[in-house]
Amino acid sequence: MRIQTPSIFRLGWVLVVALVVAGVVSALPAPAEAAGITLSERQGKSGTTLSESVSANGHRTRTFTWTIEKVADPNTLSLNQGDTGTVTYTVTLTKDDGTVHGSIDGEVCITNGGSIPTENLMSNIKVTQPPSTVAIVSITPLDVSAKPILGPGESHCYPYSIDIPSNLVNSGSYKVTAATTITNHSGKLGEPKGPSASANTEMPATETLVHNTVTVSDTLGGPLGEFTQGGTKTYTHSFSCEDKGDNPNTASITYDDNTSGPSDTATVAVQCTTSSGGCTLTIGYWKNHADAIPSLLPIWLGTEDGARSVKVTTPSQAVTIEGTTGSNGIDKLYAQLLAAKLNIENGADGSAVTSTIQDADNFLATHVSGDWDGLTNTVKSQVNDWASTLDGYNNGVIGPGHCP
């Protein structure tokens, strides 16, 4: 068999074809990942487009500021049991001349006109007074958090509201311009680009009055009426020893838009003394006159918050204690100590038994009636002595004397 050697002509053609193929391959672009091309460029070099529209509405308001003051006269009552005292309350309202305020609100409606989502959507709002192009307030970024990315063909309207300084609230024209950008806009990939749209508005010639009318309510006096100007409202209220202690009550303003305004509180302190001039009454009296007890409570038998102290909070509890006077010395001490403290709360001078009450309270802070049988004779004798001393006080043997 004879081997044929390729001719020089054929080898030349092979070399030419190889060179052509290599040139074509080298002219192709590198892969997107290698070249660092953004998502939007890989989706199509044309990117996307935006269009937008702006609406603007001017508002002129005058907002009134109100104050309220409540006074009680007198603010302290000293009453005897069974008596009443009358307090006059005065509620005074003041209203200022109002503060003028201007604002412009509206919407910026943006549409993605392309086939890919937007990237880095932003918009800044500028307010001017033509023919000037200088912003009269700081350029305000539009809040696009409700829809930060617009899908292909998607539209969304973003609301805005801008306060206008009071010295610039006038009858002239205002221009609101929204400059919106994305970073994948057709023809400007990777750089902020987008449309700008404007709307004109004017401030109304007539002011909208805010908080021009108020209503006043009172926790004690009830509804006190409607006010369009400052004014005064008075009413009276009666107190008795059932109201012993501090009695706060509040007058409050409600604005004509149903929002809450300021309030003020007046407090009346009711102090009660016995009608018999500081005399004492026995455990029998207190047991049978539960209606005289409520204003004198609460009373502690034992030191306040002591581990085993008893807090008397109701007339029925007091009557039960006063009626338990058997052979148990601690029960007797409970009854006499409660009667003594009721007498003192009722206005009787307790200086004659101050030390006895203190000793009894210290003992009852750590003992209850169930402990009686386990006490030593010495301690039992001491408990009986305390009860006897307090019995003498309640019966008028010592102290200010028994009530007639």
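**Notes on the loop, cores, sheet and disulfides**

1. Let's start at Ser 309. Leaving out residues up to four places away in sequence, Ser 309 touches Trp 300, Leu 301, Gly 302, Thr 303, Leu 364 and Ala 365 (contact means heavy atoms within 4.5 Å). Before going on, note that this is a predicted model, where local features need pLDDT of at least 70 and side-chain atom pairs count only at pLDDT 80 or more, while totals for chains, interfaces and linings use all residues. Residues are numbered from 1 along each chain as its sequence is written, and side-chain values use heavy atoms, with hydrogens and water left out.

2. Where does Ser 309 sit? Ser 309 is in the loop between β18 and β19 (310-312); helices (H or I, at least four residues) and strands (E, at least two) are DSSP runs, numbered from the N terminus. With a relative accessible area of 15%, Ser 309 is buried (buried means under 20% relative accessible area, exposed over 50%, partly exposed in between, with a 1.4 Å probe and protein chains only). A polar atom of the Ser 309 side chain lies 2.7 Å from the backbone oxygen of Thr 303.

3. Now for the largest nonpolar core, which has 35 residues, with Leu 301 and Leu 333 making the most contacts inside it. Such a core is a set of buried Ala, Val, Leu, Ile, Met, Phe, Trp, Tyr and Cys residues joined through side-chain atoms within 4.5 Å. At least two residues of this core come from each of α4, β18 (299-301), α5 (315-322), α6, α7 and α8. Which of the elements gives the most? That is α6, with eight residues.

4. Next, α8. The buried residues of α8 are Lys 380, Val 383, Trp 386, Ala 387, Leu 390, Gly 392, Tyr 393 and Asn 394, and they pack against α6 (329-345) and α7 (354-364). The 18 residues of α8 should span 26 Å at 1.5 Å a residue, which agrees with end C-alpha atoms that are 26 Å apart (the expected span is 1.5 Å times one less than the number of residues). After α8 comes Gly 396, with a positive phi near 85 degrees.

5. On to the sheet. Four strands make an open sheet in the order β8-β7-β10-β11, with antiparallel pairing (two strands pair if DSSP finds at least two bridges between them). The edges are β8 (140-141) and β11 (196-202), each with a single partner strand, so one side of each is left without a neighbour in the sheet. Seven bridges join β7 to β10 (residues 173-181), and seven join β10 to β11. You can follow a row across: Val 127 has Val 176 as its bridge partner in β10, and Val 176 in turn has Ala 199 in β11.

6. Thr 128 belongs to strand β7 (residues 122-128) and counts as buried at 6% relative accessibility. Setting aside neighbours within four places in sequence, Thr 128 is in contact with Thr 133, Val 134, Ala 135, Ile 136, Ser 173, Tyr 174 and Lys 175.

7. How many disulfides turn up in a search of the whole structure? Two, where a disulfide is a pair of cysteine sulfur atoms within 2.5 Å. One joins Cys 109 to Cys 157, S to S 2.0 Å, and is right-handed, with 110 degrees about the S-S bond. Cys 109 lies in strand β6 (residues 99-112) and Cys 157 in strand β9 (residues 155-164), so the pair ties together parts that are 48 residues apart in sequence. Cys 109 counts as buried at 18% relative accessibility, whereas Cys 157, at 33%, counts as partly exposed.

8. In the disulfide of Cys 279 and Cys 403, the sulfur atoms are 1.8 Å apart, and this link is right-handed at 95 degrees about the S-S bond. Cys 279 is in the loop between β17 (260-273) and α4 (283-288), and Cys 403 in the segment after α8 (377-394), so parts 124 residues apart in sequence are tied together. Both Cys 279 and Cys 403 are buried.

Conventions
Polar contact = N/O pair within 3.5 Å; in protein donor to acceptor, adjacent residues only side chain to side chain.
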